[in-house]
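Here are some comments on the model, written as numbered points for a colleague who works with pockets and strand pairing. Please read them beside the sequence and the coordinates.

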Amino acid sequence: FTFDEKEYTPYFPNPYATLPVLTKKGDIILLPWGRRQNQKGNLPAGGWVRLESIKENKWQKYFAKPVRLPIQRFAEKDSSGKAHWFDLQHGQYIQGLVARYDHEIRIYIVTVTPNKPNAIHDRWPRILSLPSY
């Protein structure tokens with residue numbers, strides 16, 4: 001993604017990884033992407049959240065809010081560790097979830113079960129489209 005005219009390629013293993021979040025005012029802010037097992041904090045470890053767990057109110061205690069991640073493309077690694085890049089179309093975005101615990105704020109990527117038989121993983125980022133007028 002591009003932020004302040006710089007290109008960023010965040011990788012979850014990096015404990016300083018951030019993701020862009022589109023605010024209601026239309027600004028873009030960077031938030032820490034999830035929490036690694038060895039990182040201090042009280043929010044759940046990991047960088048992803050299943051849509052089903054949101055619907056089951058499992059994230060309600062973290063004051064979770066859905067947000068848009070203005071990302072143009074993302075990568076998924078296959079079973080051999082090779083990265084495959086996927087481009088989003090104009091008007092599409094990845095859904096994120098902002099979670100809070102005291103002063104800790106983190107962004108998680110919302111995932112769904114892919115509807116493709118040849119999917120690389122059993123989880124896929126939830127891609128939504130802006131309404132067209």
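**Notes on pockets and strands**

1. The largest pocket holds about 730 Å³ of space, where a pocket is an open set of points on a 1 Å grid over the protein atoms alone, with a 1.4 Å probe fitting at each point and protein on both sides within 12 Å along at least five of seven lines. Grid points are joined across faces, edges and corners, and the volume is the space filled by probe spheres set on the points. This is a predicted model, in which local features need pLDDT of at least 70 and side-chain atom pairs count only at pLDDT 80 or more, while totals for chains, interfaces and linings use all residues. Residues are numbered from 1 along each chain as its sequence is written, and side-chain values use heavy atoms, with hydrogens and water left out.

2. The lining of the largest pocket (residues with an atom within 4 Å of a point) comprises 27 residues, with Pro10, Trp33, Phe74, Ala75 and Glu76 nearest the centre.

3. At least two lining residues of the largest pocket come from each of β7 (73-77), β8 (83-87), β10 (104-112) and β11 (124-125), strands being DSSP runs of E of at least two residues, numbered from the N terminus. The most is given by β7, with five residues.

4. The second largest pocket has about 410 Å³ of space, and among its 16 lining residues Val21, Leu22, Pro66, Val67 and Val98 lie nearest the centre. Two or more residues of this lining are given by each of β3 (18-22), β4 (28-32), β6 (65-69) and β9 (92-101), and the lining as a whole divides into ten nonpolar, two polar and four charged residues.

5. Strand β10 deserves a separate comment. Seven of its nine residues are buried, so β10 is largely enclosed by the rest of the structure; buried means under 20% relative accessible area with a 1.4 Å probe, protein chains only.

6. Strands pair if DSSP finds at least two bridges between them. Three bridges join β5 (residues 48-50) to β10 in the parallel sense, with Trp48 partnered by Ile109 of β10. Six bridges join β9 to β10, which run antiparallel, and Arg100 stands opposite Ile105 in β10. These two strands, β9 and β10, form a hairpin with two residues between them, and Asp102 in the turn has a positive phi of about 50°.

7. Finally, β10 pairs with β11 in the antiparallel sense over two bridges, and Val112 stands opposite Trp124 in β11.

Terms used:
Helix = DSSP H or I, 4+ residues; strand = E, 2+ residues; numbered from the N terminus. Nonpolar A, V, L, I, M, F, W, Y, C, P; charged D, E, K, R; others polar. Buried < 20%, exposed > 50% of the residue type's maximum accessible area, 1.4 Å probe, protein only.
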